[in-house]
Amino acid sequence: MTQENIKDLERELWDAADSLRGNSKLTAAEYKDPLLGLVLLRFAQNRYEDARIELSKTLPVNPRTGKQRDATKDDYAGAGAILLPEKSKYDYLANLPTGEDIAEAINNAMRLIEAEYTDLAGILPKSYQEFDDKLLRDLVRVFNKDAVKNAKGDVFGRIYEFFLMKFSMQGAGAQEGGEFFTPPSLVNLIVNFIQPNHGIVHDPACGSGGMFVQTAHFIKNHENKSVNEAITVYGTELKSNNTRLAKMNLAIHGIEGKIIESNSFYSNPHNLTGKCDFVMANPPFNVDKVDAKNKFLTEDDRLPFGAPLTGKGTISNGNYLWMQYFYSFLNETGRAGFVMASSATDAGHGEKLIRQQLIESGAVECIVSIANNFFYTRSLPCHIWFFNKGKKPTNQDKILMLDARNTFRKVSTTINDFDEEQKQGLTAIMNSFRNTSGTLSVGEESYKENAWLAEHFPEGVYRDVEGLCKIVSREEVVEQDYSLTPGRYVGVTADIDMDFDYKSRMQEIHYELATLNTEAESLMELIQKVEL
């Protein structure tokens with residue numbers, strides 16, 4: 001099946017499933033998990049059938065009986081499949097007689113799988129009684145077409161990700177909309193920049209597990225290993241529904257991993273401080289209710305530079321807690337890539353002191369400015385930060401600044417992303433900096449094969465480009481008062497972004513101003529208490 005065929009199938013299945021929901025009384029949030037559960041069941045049978053054929057060719061024959069032994073659950077796991085009970089097979093559900101209770105049959109199918117696979121216990125949706133009989137039978141038929149039954153490889157993983165994206169665009173089940181799903185363009189950029197191809201991979205704010213899925217794609221495309229041979233994944237997620245989505249997502253893609261439901265501000269459930277080869281995350285921005293007096297937080301070994309306290313001893317937001325977690329999880333050669341609010345690159349007071357120490361550690365490798373409208377349900381611009389504790393000595397005091405605010409493809413009036421040439425071009429710049437070679441290339445191809453690269457770097461070697469990129473020294477950063485905003489270094493173009501969300505940015509600025517005013521009042525109170 002070609003990429004275009006897969007895209008056509010994704011759209012066809014989504015249109016059919018969404019049309020069924022549109023004619024029901026269910027909201028997108030009520031519909032999301034049960035629908036994704038059916039995708040899991042269909043995919044599980046596809047993989048089961050493939051594994052059954054494969055095992056029939058490889059299982060040993062008992063020399064005394066002349067019969068091949070029965071396949072076990074471990075045999076199927078080794079073949080990347082689940083050993084399905086008969087009543088959990090999609091074919092059984094699709095062929096259920098009209099008089100049978102199909103909702104209870106699907107609920108039971110989920111229970112039987114959970115009983116066999118404890119990692120999925122309590123995770124699979126079992127609320128199909130909320131669907132009317134006709135809607136449910138029509139929905140089962142959607143995923144029982146020949147094109148779906150014959151789909152091989154990672155096609156269903158792609159379908160699952162596509163459905164997650166579409167639900168995210170509808171704001172299904174997320175208070176701020178889309179919090180369980182990071183747009184593929186941003187995840188791809190993080191994965192391509194840090195190249196997570198071995199060891200321990202951790203996401204302490206894992207949402208639906210998209211970072212792990214893209215890592216699996218990266219390994220498949222670049223390594224001669226299976227994903228479970230190459231890496232071990234660990235995720236932490238605060239919200240129960242997102243944790244379920246992540247576990248289902250890993251199961252869909254055949255990724256073995258440990259996902260724990262917990263609050264990363266007050267726990268370190270995997271005990272991975274100093275152990276991770278790669279950390280990736282899109283944490284919630286500007287969380288303002290972190291308890292500075294929480295005993296765990298005051299003793300947390302993941303905060304080597306201290307908590308970002310205000311004058312009143314509170315924590316105005318969690319951004320610089322997250323950053324220290326990512327830094328502390330890394331081993332001596334580890335790399336991290338994470339999405340962060342734009343305000344964090346210039347934040348003052350306690351946050352500035354932490355940023356200064358991060359810069360002085362030499363671990364900050366690259367900052368990328370991202371245009372607005374990359375997220376599906378919020379339009380604020382953001383930055384992607386990259387840490388690397390294994391920098392080459394020549395790069396120890398250098399940081400690559402990339403301003404990609406004018407680098408995007410307009411998908412619609414409200415959505416932007418990177419096209420393939422832009423993703424490859426930005427990755428080529430990063431690789432050139434990290435390897436200190438200066439040469440720009442896209443895999444085995446010449447830079448000339450990439451029009452975006454050829455336009456900005458006509459000689460095929462890295463150079464600072466006004467408005468796009470600059471390699472800066474630590475001394476330059478000190479001169480800019482430890483700001484890590486790329487626009488301060490690369491220069492800016494005169495273009496005005498007519499789609500920029502000025503209202504949201506002003507709200508963010510008002511929030512920062514209110515914080516500064518509160519701190520100023522606190523300092524004034526202290527000064528007035530001083531006896532002369």
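In this predicted model, Asp203 stands opposite Gly235 in β2. Residue numbers start from 1 along each chain as the sequence is written, and side-chain values rest on heavy atoms, with hydrogens and water left out. Local features need pLDDT of at least 70 and side-chain atom pairs count only at pLDDT 80 or more, while totals for chains, interfaces and linings use all residues.

The Asp203 position belongs to the pairing of strand β1 (residues 199-203) with β2, which runs in the parallel sense over five bridges. Two strands are taken as paired if DSSP finds at least two bridges between them. Helices (H or I, at least four residues) and strands (E, at least two) are DSSP runs, numbered from the N terminus. Strand β2 (residues 231-237) also pairs with β3 (residues 257-261), again in the parallel sense and over five bridges. Here Tyr234 stands opposite Lys258 in β3. Between β2 and β3 the chain passes through helix α12 (residues 240-253), and this β-α-β crossover is right-handed; that is, with the strands pointing away from the viewer, the path from the first strand over the helix to the second runs clockwise.

These strands are part of an open sheet of nine strands with mixed pairing, in the order β3-β2-β1-β4-β5-β7-β6-β8-β13. Its edge strands, β3 and β13 (469-473), each pair on one side only. From one strand to the next, the twist averages 15°. Helix α9 packs on the sheet and touches β4 (276-281), β5 (330-341), β6 (364-370), β7 (382-388) and β8 (398-404). The direction of α9 makes about 20° with that of β7. Axes are lines fitted to C-alpha atoms, for helices over the stretch in contact, and angles run from 0 to 180 degrees between N-to-C directions. Contact means heavy atoms within 4.5 Å.

The helix pairs come next. Two packed helices are described by the angle between their axes and the distance between the axes. Helix α9 (residues 184-194) packs against α10 (residues 210-222) at an angle of about 55°, with the axes 10 Å apart. This makes α9 oblique to α10, on a scale where angles under 35 degrees count as roughly parallel, over 145 as roughly antiparallel, 65 to 115 as roughly perpendicular and the rest as oblique. Their crossing is right-handed; a crossing is left-handed if the near helix is turned anticlockwise from the far one by less than a right angle, and right-handed if clockwise. The contact involves Val187, Asn188, Ile190, Val191 and Asn192 of α9 together with Gly210, Met211, Gln214, Thr215 and Phe218 of α10. By class, five of these residues are nonpolar, five polar and none charged. Ala, Val, Leu, Ile, Met, Phe, Trp, Tyr, Cys and Pro count as nonpolar, Asp, Glu, Lys and Arg as charged, and the others, Gly among them, as polar.

A second pair is formed by α14 (residues 319-329) and α15 (residues 350-361), whose axes come within 10 Å and cross at roughly 20°. That makes α14 roughly parallel to α15, and the crossing is left-handed. From α14 the contact takes in Tyr320, Met323, Gln324 and Tyr327, and from α15 Glu351, Ile354, Arg355, Leu358 and Ser361. This contact has five nonpolar, two polar and two charged residues.

Finally, the axes of α1 (residues 3-22) and α8 (residues 155-169) come within 10 Å and cross at roughly 50°. Helix α1 is thus oblique to α8, and passes α8 in a right-handed crossing.
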